Amino acid sequence: MIRARQLFGPGPGNPYPEATAALGLPILGHLDPLFIAMMDETCDMLREVWGTQNQRTIPLSATGSAGMEAAFVNTVEPGDVVVVAVNGLFGQRMVEVASRCGAEVVAVEHEWGLPVDVDRVLSAHPSPKIVAAVHAETSTGVRSDVAALGAGKGDALLLVDAVTSIGGLELRADDWGVDLGYAGTQKCLGVPPGLAPFTISERAFARRVERPRSWYLDLGLLGGYVGEAASSGGGRTYHHTAPVAMVASLHAGLRRILDEGLPAVWARHEEAGRILQEGLQARGLELFAAEGHRLPDLTTVVVPEGVDSAAVRRLLLERHGIEIGAGAGPYAASVWRIGLMGHNARPDAALTVLAALDDVLA
Ligand code: PLP
């Protein structure tokens, strides 16, 4: 028997009820006109949460990491220079993925807990093909300034990981000059894990690799999957079987967010994060991420001296049914990660975590 949990870790969070309910809708054929209409609406709503007009804005049929792979495999030819801002685990993953695509990677390393140093990243190479950065580093709880990267990117393509920002934090891909973006459904979008919302500008698409090493993630082929050909009279073509239940869930989650309104959703995340962070500090706990750059939706806390990090997490789960995350990488045992994302970005959820921590730390 699976018990319900309160998912206050780095993701997945508890989905919006509407997104969960949609998983029980009748399963449609993936070329059924009803499903095609649902996919079209999903892409329209994704454009809104990305803040983009990009025609090529689609839910890839895999998790956020596949979005990362799609971004690099479609744009990197062997020998292309890719500058990657590394201020946590997911920047490191970008380095790994870009180098597997044959890139000459210039990794600009930062101390974990700090935001991306825009000047250092932009001056790391005179003419990179791609500059890549993580908007919201889930491993450290830090937000970086994507708009500043976009303003200074020059001829480079700007590639951004928005897995932990989309649907929870201000995100304006077009205004900020984002050429390639990928995300996940399981965080602030409030949908179960399984899809990777993806967007690519015309400028980046024009510079893509003609025949990428990945067939599944080939954006040229995926155009037909989402009906790009339909507007030119071609109609939808089979590429792979769309995960129809997941698309239905994403459709419902996006509808839920847009009905509330993006600014209201962002404000709700800010408020929940503020209550949690102020409450933690009032209890004498230290926050890990640099002040002024903290994510509202993912809070990193320094485990106090003498406290067994894993034992606290186990007690939270056993006594309260609450999941929080361990730290990432070198901070696995010395940091906790607490997420208030999507449906969980609420004051009462923040107070629930604080009360449970009071209990287990007593
Ligand atoms: N990028 C960031 C910032 C993430 O937080 C995650 C997952 O937590 C990923 C990429 C990878 O996404 P997934 O685990 O859905 O493949």
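Mentor: Two strands pair if DSSP finds at least two bridges between them. Keep that in mind for what follows, and note that this is a predicted model.

Trainee: What makes strand 2 and strand 10 a pair?

Mentor: There are 5 bridges between strand 2 and strand 10. The cut-off is at least two bridges, so the two strands pair, and the sense is antiparallel. Within this pairing, Thr 57 stands opposite Thr 199 of strand 10.

Trainee: How many bridges join strand 9 to strand 10, and in which sense do they run?

Mentor: Strand 9 (residues 180-182) is joined to strand 10 by 3 bridges, and the two run antiparallel. At least two bridges are needed, so this is a pair as well. Gly 181 has Thr 199 as its bridge partner in strand 10.

Trainee: What is the ground for calling strand 10 mostly covered?

Mentor: In strand 10 (residues 196-200), 5 of the 5 residues are buried. Ala 196, Phe 198 and Ile 200 point one way, Pro 197 and Thr 199 point the other way, and all are buried.

Trainee: Why is Thr 52 called buried?

Mentor: Thr 52 has 22 other C-beta atoms within 10 Å. The cut-off for buried is 20 or more, so Thr 52 is buried. Thr 52 is found in the loop between helix 2 (33-50) and strand 2 (56-60).

Trainee: Which residues are in contact with Thr 52, leaving aside its neighbours within four places in sequence?

Mentor: They are Arg 47, Thr 57, Ala 173, Asp 174 and Thr 199. Thr 57 and Thr 199 are the residues that stand opposite each other in the pairing of strand 2 with strand 10. As for Gly 29, Thr 52 is 23 residues from it in sequence and 29 Å from it in space, C-alpha to C-alpha.

Trainee: What makes strand 5 largely enclosed?

Mentor: Strand 5 (residues 130-134) has 5 of its 5 residues buried, so the rest of the structure largely encloses it. Both of its faces are covered: Ile 130, Ala 132 and Val 134 are buried on one side, and Val 131 and Ala 133 on the other.

Trainee: How do you know which strands pair with strand 5?

Mentor: Count the bridges against the cut-off of at least two. Strand 3 (residues 81-86) and strand 5 have 3 bridges, in the parallel sense. Strand 5 and strand 8 (residues 157-161) have 5 bridges, also parallel. Ile 130 of strand 5 is the bridge partner of Val 82, and in strand 8 the bridge partner of Ile 130 is Leu 157.

Trainee: Which residues touch the most other members of the largest nonpolar core?

Mentor: That core has 113 residues, and Val 84, Ala 98, Val 121, Ala 132 and Ala 133 touch the most other members. Helix 9 (residues 244-260) gives the most to this core, with 7 residues. Setting aside sequence neighbours within four places, Ala 133 is in contact with residues including Ala 85, Val 121, Leu 149 and Val 160.

Trainee: Why does Arg 337 count as buried?

Mentor: Arg 337 has 23 C-beta neighbours inside 10 Å. The cut-off is 20 or more, so Arg 337 counts as buried. UniProt, in an unreviewed entry, places the feature "binding site" at Arg 337.

Technical notes
Residues are numbered from 1 along each chain as its sequence is written. This is a predicted model: local features need pLDDT of at least 70, side-chain atom pairs count only at pLDDT 80 or more; totals for chains, interfaces and linings use all residues. A nonpolar core is a set of buried Ala, Val, Leu, Ile, Met, Phe, Trp, Tyr and Cys residues joined through C-beta atoms within 7 Å. A residue is buried if 20 or more other C-beta atoms lie within 10 Å of its own, exposed if 12 or fewer, and partly exposed in between; C-beta atoms are placed from the backbone. Helices (H or I, at least four residues) and strands (E, at least two) are DSSP runs, numbered from the N terminus. Two residues are in contact if their C-beta atoms, placed from the backbone, lie within 7 Å. UniProt positions are given in the numbering used here, feature names are shortened, and annotations may be inferred rather than shown by experiment.
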